[in-house]
Amino acid sequence: ESTVPALKDLFANDFRIGAAVNPHTIRTQENLLARHYNSITAENEMKFVSVHPEEGTYTFDEADDLAAFARKHGMALRGHTLVWHNQTGDWLFKDSQGGPASKTLLLERLRSHIQTVVGRYKQDIYAWDVVNEVIADEGDALLRPSKWLDIAGPDFIAKAFEYAHEADPNALLFYNDYNESHPHKRDKIYTLVKSLLEQGVPIHGIGLQAHWNLFDPSLDDIRAAIEKYASLGLQLQLTELDMSVFEFEDKRTDLRVPAPGMLERQAERYEAVFRLLKEYREVISAVTFWGAADDYTWLDDFPVRGRKNWPFLFDEQHQPKPAYDRLVNLTGN
Ligand code: G3I
């Protein structure tokens, strides 16, 4: 492993290379992370329910450990995430009587959450996923149904960015979403961000989660999404890249090792994707994988519980996969 060039060096003139980490992987993958990545994101540990499980109770131990890991290895740190419909305690949406919180109460709580969390990591975190996944996947509605929307209406989105900017005027503030390259959702994301910009909301970037697979989205759709988002004049980051070896509809559970040909197809796909990303190095400032090596990925449980997946550039022993060799060639190393 130590004989191959470092991933972050392959793309040193293009973008930062990141990985999502958690308390387990900073122990079990420390050498790999330190050698190949120059940015990390907390997979779960900075989410609302993790740092603020109850009103007035903040729990920062795990998040602090991840921030210390980034400092120790001189890595950049991305913050994930301040507003989401998931992994957010029910208490936030209730008043002291157990009825629904008022809009005023919810926004006050949001402001104080953001002040506390963003304020705490001011010296460490250079970019925050302020609002995550509020766009509706299907249909004509722009926004996904959520308790945020029920109580506060669409205002919570602009407010979150304003509060984050107030808490750390130097942080880059991102809107982050998945299925970001599918034309229907892409256009809705564009519409939302454009309207935020027109209202003067402090937003600096769009996060393309990039939970992709060997077949989808097409390179043309990825390109079109990058072009459309970049036309807003914002910087882009791939924030959660993984390349599942299964088509989304494929619910097979029997594979214990990759099927013949799978890793070669994955290698071709990674090469094509990174060739395209390099074309947009002026607008793409970071590419973060949602993990680092195939021994741990959230995809092992999604969409089929307990099914193994192999989405990364490094295998279960942290050795470079065929995809890695393609990237070495692609970058002329
Ligand atoms: O921490 C508890 C543990 O105490 C409990 O025993 C265990 C039993 O299921 O659950 C643990 O919590 C799990 C948590 O990850 C930490 O491991 C949750 O069940 C599980 O749902 C949660 O999944 C996370 C998921 O977000 C939640 O929606 C994944 O790890 C995380 O990779 C994933 O990340 C999201 C991004 O934040 C946003 N974009 C999509 C991406 C993938 O879904």
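Where is the place of Glu133? Glu133 sits in the loop between S4 and helix H7 (147–152); here helices (H or I, at least four residues) and strands (E, at least two) are DSSP runs, numbered from the N terminus. The model is a predicted one, so local features need pLDDT of at least 70, side-chain atom pairs count only at pLDDT 80 or more, and totals for chains, interfaces and linings use all residues. Residues are numbered from 1 along each chain as its sequence is written. On confidence, the protein chain averages a pLDDT of 97, and 99% of the residues score at least 70; pLDDT is the predictor's confidence in each residue, from 0 to 100. The model also scores ipTM 0.95 and pTM 0.97.

Back to Glu133, then. Its phi is near 60 degrees, a positive value in a residue other than glycine. Glu133 counts as buried because 20 other C-beta atoms lie within 10 Å. The cut-offs go like this: a residue is buried if 20 or more other C-beta atoms lie within 10 Å of its own, exposed if 12 or fewer, and partly exposed in between, with C-beta atoms placed from the backbone. Ala210, in the loop between strand S6 (205–208) and S7, also has a positive phi, near 65 degrees. Ala210 is buried because it has 24 C-beta neighbours inside 10 Å. Most residues other than glycine have a negative phi, and most peptide bonds are trans.

Cis peptide bonds turn up as well. One joins His80 and Thr81, with omega about -5 degrees, and Thr81 belongs to strand S3. Another runs from Asp216 to Pro217, with omega near -5 degrees. Pro217 is found in the loop between strand S7 (211–213) and helix H10 (219–230).

Now for the strands. Strand S3 (residues 76–83) and S4 run parallel and are joined by five bridges; two strands pair if DSSP finds at least two bridges between them. In this pairing, Gly79 has Trp128 of S4 as its bridge partner. Strand S4 (residues 125–132) is largely enclosed by the rest of the structure, because seven of its eight residues are buried. Strand S9 is also largely enclosed by the rest of the structure, because five of its six residues are buried. S9 runs parallel to strand S1 (residues 16–21), with four bridges joining them, and Gly18 stands opposite Thr288 in S9. S9 also pairs in the parallel sense with strand S8 (residues 235–244), over four bridges. There, Leu236 stands opposite Ile284 in S9.

Ala292 lies in the loop between strand S9 (284–289) and helix H12 (322–330). Ala292 counts as buried because it has 25 C-beta neighbours inside 10 Å. Leaving aside its neighbours within four places in sequence, Ala292 is in contact (C-beta atoms, placed from the backbone, within 7 Å) with Ala19, Thr25, Gln29, Leu32, Leu33, Tyr37, Phe312 and Phe314. Ala292 and Thr25 are 267 residues apart in sequence, yet 8.7 Å apart in space, C-alpha to C-alpha. For a contrast, take Asn170, in the loop between H8 and strand S5 (172–177). Asn170 counts as exposed because it has 9 C-beta neighbours inside 10 Å. Asn170 and Thr59 are 111 residues apart in sequence and 24 Å apart in space, C-alpha to C-alpha.

What about the nonpolar core? The term means a set of buried Ala, Val, Leu, Ile, Met, Phe, Trp, Tyr and Cys residues joined through C-beta atoms within 7 Å. The largest one has 85 residues, of which Trp128, Val130, Ala160 and Ala164 touch the most other members. Helix H8 (residues 155–167) gives the most to this core, with seven residues. In soluble globular proteins, nonpolar side chains tend to be buried together.

Finally, the ligand. Around it are Glu43, Asn44, Asn86, Gln87, Asn132, Tyr178, Gln209, Glu240 and Trp298; a residue is near a molecule or strand if its C-beta atom, placed from the backbone, lies within 6 Å of it. This shell divides into two nonpolar, five polar and two charged residues. For these classes, Ala, Val, Leu, Ile, Met, Phe, Trp, Tyr, Cys and Pro count as nonpolar, Asp, Glu, Lys and Arg as charged, and the others, Gly among them, as polar.

Notes: Contact = placed C-beta atoms within 7 Å.
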